[in-house]
Amino acid sequence: MSFFQSLGSSEISYDSYIDSIVAGTLTPQYTGISALKNSDILTATSIIAGDISRFPLIKKDINGDIVHDEDINYLLNVKATTNASARTWKFAMAVNAILTGNSFSRILRDPKTGKALQFQFFKPSETTVEETNEHEIIYTFFDTLTGKTVKCRSDDVIHWKFFSHDTILGRSPLLSLANEIDLQNGGLNTLIKFFKDGFSSGILTMKGASLSGEARKRARQDFEKMREGSKGGSPLVFDSTMEYTPLEIDTNVLQLITSNNFSTAQIAKALRVPSYKLAVNSPNQSVAQLMEDYVTNDLPFYFDAITSELGLKVFDSSDRRKFHFEFDTRSITGRNVDEIIKLV
């Protein structure tokens with residue numbers, strides 16, 4: 001039985017059903033471009049995608065020596081597509097891989113030599129992934145501008161996925177952050193309501209009257225209707241039969257909302273971003289130490305997935321045995337002049 005799933009489809013497949021159980025809803029939530037409404041998600045995604053796009057990709061041999069290849073350098077570090085730079089292409093690929101779990105680009109090859117010349121980027125919503133009965137992966141791309149459909153084998157597709165449980169499709173880390181994002185949104189909505197209304201709930205007393213349950217309900221509805229359209233600080237008008245006593249607000253609750261860094265720390269942890277970059281206090285280390293630890297221990301989670309995919313798709317079968325790709329992070333991890341002098 002073949003596996004077939006359109007990443008832009010609203011139909012529930014086996015994998016999206018698993019996602020819905022994790023998210024607690026019928027469809028996956030908190031993923032895709034809409035997740036960028038959360039400032040912490042936006043910041044963390046920008047940091048990771050920015051680091052992936054700013055570090056150049058270099059070609060090395062099996063001994064670890066850098067091999068200068070003008071064509072490879074031009075494709076991966078200068079211009080990757082017909083209308084975008086390599087930096088923009090890598091940034092867009094990383095953003096989609098984080099937010100949706102997958103990012104795709106079709107490889108345009110030289111018809112004579114088979115070498116990769118350019119990449120053609122497609123959004124996940126324009127891509128369908130199919131596994132045939134022979135376990136061959138087929139990608140179908142739909143060009144929304146021309147209306148044409150293109151089918152490609154996996155050898156001609158760059159597919160970035162940082163987390164995968166089936167080797168076919170990736171899964172976004174945002175699926176595990178539903179509760180944290182809910183907590184943040186709930187706190188912000190509470191603050192917005194407080195500053196918008198100017199006061200909280202209160203007690204409305206009807207003088208000299210014994211009201212039934214239905215009458216109390218009607219009085220509350222009339223009071224709420226009176227407040228419609230009012231802004232913080234607007235006066236309230238009562239007659240002699242009514243008395244309103246506002247409930248005091250516990251300012252400690254508001255302080256807890258504004259000072260709560262739990263959700264931000266969880267987002268940083270799930271996306272492998274140092275907490276200090278999201279304005280959360282970090283261990284007693286210098287920024288240089290934290291940055292070096294981030295580049296050395298956290299970014300390889302993303303780097304290795306990218307370089308292994310590029311090496312498999314850009315190199316031919318013979319070059320794969322002799323060369324590999326690496327991100328050049330020497331600007332961060334390399335020794336400075338003072339360290340070299342001390343070593344000497």
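Predicted model: local features only at pLDDT ≥ 70, side-chain atom pairs only at ≥ 80, totals over all residues.
## Surface and overall build

Of the 344 residues in the protein chain, 37% count as buried.

The protein chain is built with 13 helices and 12 strands. If you take its contacts between residues at least 6 apart in sequence, 65% of them join residues at least 24 apart.

## Aromatic pairs

Now for the rings. A pair of aromatic rings is described by the distance of the centres and the angle of the planes. The count here comes to 11 aromatic pairs. One of them is W89 with F119, a stacked pair at 4.5 Å centre to centre with 25° between the planes. W89 belongs to helix α4 (residues 86-100) and F119 to strand β5 (residues 116-122), so this pair ties together parts that lie 30 residues apart in sequence. Both W89 and F119 are buried.

F301 and Y302 also pair up, this time edge-to-face, with 5.1 Å centre to centre and 85° between the planes. Y302 is buried, at a relative accessible area of 2%, whereas F301 has 30% relative accessibility and counts as partly exposed.

There is a cluster to find as well: F104, F122, Y139 and F141 form one aromatic cluster.

## Charges over rings

Elsewhere, K59 lies over the face of F323, at 4.2 Å from the ring centre.

Definitions and conventions: Residues numbered from 1 in each chain as written. Heavy atoms only, no water. Helix = DSSP H or I, 4+ residues; strand = E, 2+ residues; numbered from the N terminus. Buried < 20%, exposed > 50% of the residue type's maximum accessible area, 1.4 Å probe, protein only. Contact = heavy atoms within 4.5 Å. Phe/Tyr/Trp six-rings, centres within 6.5 Å; stacked < 30°, edge-to-face > 60°. Lys NZ or Arg CZ within 6 Å of the ring centre and 35° of its normal.
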